[in-house]
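Student: I have a structure open and would like to learn how to read it. Can we go through some features one at a time?

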Amino acid sequence: MSIEMLSESVGQFGYPALFFTLWLGIVGMPIPDEVIVLSAGVLTSIGVLSIIPAFIATYLGVVSGLSLGYVLGRSLGAPALNWISKKKGMNRHVERAQSLLERYGSYALCISYFLPVVRHVVPYLVGIGKMTFRRYALFSYTTGLVWTLILFLVGYVIGDQASSIDAFLNTFTRGIAPAIAVLIVAVIGCVFGYKKYKEKKLRVQARVDQDPDC
């Protein structure tokens with residue numbers, strides 16, 4: 001989808017066009033999420049959209065589309081995986097998503113955001129694995145906010161330079177995205193590690209308070 005096409009859609013349907021083009025990506029529409037989010041930033045930069053409602057519609061479209069995959073995986077189970085596996089060329093993405101989950105567990109939700117197509121497969125798999133929605137939302141929604149914000153702001157900064165968008169996408173996918181994914185995983189790991197440390201410290205203190213002779 002080009003900036004011109006998205007601009008026409010927004011002109012006709014308003015901000016819901018942003019939401020639904022991203023939301024429908026989960027059912028296989030050939031619209032790269034990265035291009036839509038960047039284009040939303042561009043349209044904001046040139047005055048077609050207002051920045052706050054455009055960002056909100058974009059972010060909600062991203063996380064809602066991925067959440068639909070989680071819901072389908074959790075409610076349908078294995079048939080959901082069979083459905084996406086039957087699509088042409090999807091087997092390698094499913095295998096990559098499974099590999100990420102085996103290696104990184106819940107953090108695969110963070111990393112997958114920066115991997116086209118794989119980001120749509122991982123929610124299915126964690127849903128099939130019966131991950132709680134609270135845990136899914138913690139990892140997916142926070143990373144989705146960072147991912148959307150980065151691309152949206154880049155689109156805003158580069159304006160209507162379509163060639164710059166293409167160049168950025170190539171650089172982002174190959175180099176910047178993995179680095180950001182690793183950074184996000186590291187930050188989340190530190191937060192959880194600190195939380196576990198505090199919980200352990202409180203348990204030790206509670207035992208000491210109950211038995212001062214320890």
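This is a predicted model: local features need pLDDT of at least 70, side-chain atom pairs count only at pLDDT 80 or more; totals for chains, interfaces and linings use all residues.

Student: How many salt bridges does a search of the whole structure find?

Tutor: The general idea comes first. Side chains of opposite charge can pair when their charged atoms come close. A salt bridge here is a side-chain nitrogen of Lys or Arg within 4 Å of a carboxyl oxygen of Asp or Glu. The search finds one. Glu 34 and Arg 119 form it, at 2.3 Å from N to O. The two are 85 residues apart, so the pair links distant parts of the chain: Glu 34 sits in helix α3 (residues 33–45) and Arg 119 in helix α8 (residues 118–128). Helices are DSSP runs (H or I, at least four residues), numbered from the N terminus.

Student: Is Glu 34 buried or exposed? And what about Arg 119?

Tutor: Buried means under 20% relative accessible area, exposed means over 50%, and partly exposed lies in between (1.4 Å probe, protein chains only). Glu 34 has 6%, so Glu 34 is buried. Arg 119 has 3%, so Arg 119 is buried too.

Student: Where does Cys 110 lie?

Tutor: Cys 110 is in helix α7 (residues 108–112). Its relative accessible area is 0%, so Cys 110 is buried. Its C-alpha atom is 8.0 Å from that of Gly 144, 34 residues away along the chain.

Student: Which residues make the nonpolar surface patch?

Tutor: Patch residues have over 30% relative accessible area and no salt bridge; nonpolar side chains (Val, Leu, Ile, Met, Phe, Trp, Tyr) are joined within 5 Å, like charges within 9 Å. Areas come from the Shrake-Rupley method with a 1.4 Å probe, and for residues only the protein chains shown count as cover. Here Ile 51, Ile 52, Ile 56, Leu 60, Tyr 156 and Val 157 make a patch of about 570 Å². Helix α4 gives the largest share, four residues. Ile 51 is in α4 and is partly exposed at 41%.

Methods
Residues are numbered from 1 along each chain as its sequence is written. Side-chain values use heavy atoms; hydrogens and water are left out.
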